Amino acid sequence: MSGHLYGKTFELWRAGCPDVWRDYTHHAFVEGLRDGTLPSAAFLHYLIQDYVFLVHFARAWSLAVVKAETLDEMKVCAGTVDALVNHEMTLHVKTCAAVGIDEATLFTATEEFENLAYTRYVMDSGLQGDFLDLMAALAPCCFGYGEIGQRLAGCAAPDTPYHGWINTYADDDYQTVMAAVGQMIDHAIARRLGDDPVQSVRWPHLQQRFTTATRLEVAFWGMGLRGA
Ligand SMILES: Cc1ncc(CN)c(N)n1
């Protein structure tokens with residue numbers, strides 16, 4: 001991916017963990033979505049867990065509203081909460097309804113450990129740390145799926161049954177929200193760390209949070225494959 005689609009900060013963080021980023025965005029689960037070989041049981045298992053994941057992610061983005069320092073930050077974070085609970089989750093609700101799983105069942109699904117670890121790690125980043133710690137932990141989720149959606153939209157097998165999933169993340173709605181998040185993070189970093197944030201004493205710690213959250217994304221795909 002070229003340019004600053006999701007901002008300069010994201011590009012620095014991604015460049016700080018190239019191998020784990022590739023493990024995440026080119027995981028066997030993702031390639032199975034692309035070529036259609038992902039077993040439907042694995043997809044469903046993932047999707048049910050992902051519904052619960054999104055509930056907790058919406059909580060974490062809500063915490064970001066609380067931790068924000070400007071109205072612009074609040075607006076972008078509140079917009080992301082809306083995108084998660086009112087748009088992205090529609091895919092999960094509709095797909096699961098089609099196989100007889102209702103939303104109440106989704107909401108009370110037992111969380112897998114990978115799901116628990118990831119969502120609570122992100123939440124703790126915001127509770128223990130500040131707005132930037134929280135953004136570093138939230139960023140892989142946002143931009144990784146943005147990258148995956150865009151890539152797969154251009155190369156997925158015509159007969160993969162996962163076009164609905166791919167379109168959710170390739171779609172302009174998702175991409176527009178993510179571009180706004182990327183810009184907001186750039187401004188938030190400049191506001192708190194200045195124009196050369198990489199020189200800040202905080203930078204290695206923020207990078208570590210981003211890398212850890214990316215490793216948790218890799219584990220989440222692995223959890224999905226276990227459902228096959
Ligand atoms: C695990 C995970 N990571 C990211 C996304 C994209 N919001 C998601 N739905 N699920």
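## Annotated domain

The unreviewed UniProt entry lists residues 20–226 as "domain: Thiaminase-2/PQQC"; UniProt positions are given in the numbering used here, feature names are shortened, and annotations may be inferred rather than shown by experiment. Across residues 20–226, 82% is helix and 0% is strand, and the end C-alpha atoms of this span lie 20 Å apart. Helices (H or I, at least four residues) and strands (E, at least two) are DSSP runs, numbered from the N terminus.

This is a predicted model, in which local features need pLDDT of at least 70 and side-chain atom pairs count only at pLDDT 80 or more, while totals for chains, interfaces and linings use all residues. Residues are numbered from 1 along each chain as its sequence is written.

## Overall fold

The chain contains 11 helices and 0 strands. Its elements, read from the N terminus, run α-α-α-α-α-α-α-α-α-α-α. Along the principal axes, the C-alpha trace spans about 50 × 35 × 30 Å.

The radius of gyration of the chain is 17 Å, which agrees with the value near 17 Å for a compact globule of 228 residues. This radius is taken over C-alpha atoms, and the globule rule is 2.2 Å times the number of residues to the power 0.38. Of the 228 residues, 41% count as buried; a residue is buried if 20 or more other C-beta atoms lie within 10 Å of its own, exposed if 12 or fewer, and partly exposed in between, with C-beta atoms placed from the backbone. Among contacts between residues at least 6 apart in sequence, 82% join residues at least 24 apart. Two residues are in contact if their C-beta atoms, placed from the backbone, lie within 7 Å.

## Ligand surroundings

The ligand is surrounded by D50, F53, L54, E88, C141, Y145, E217 and F220; a residue is near a molecule if its C-beta atom, placed from the backbone, lies within 6 Å of it. Helices α4 (40–67), α8 (131–155) and α11 (203–226) each supply at least two residues of this shell. The most is given by α4, with 3 residues.

By class, the shell has 5 nonpolar, no polar and 3 charged residues. Ala, Val, Leu, Ile, Met, Phe, Trp, Tyr, Cys and Pro count as nonpolar, Asp, Glu, Lys and Arg as charged, and the others, Gly among them, as polar.

## Residue T25

T25 belongs to helix α2 (residues 18–25). T25 is buried because 22 other C-beta atoms lie within 10 Å. Apart from neighbours within four places in sequence, T25 is in contact with V30, G144, E147 and I148. T25 and Y174 are separated by 149 residues in sequence and by 17 Å in space, C-alpha to C-alpha.
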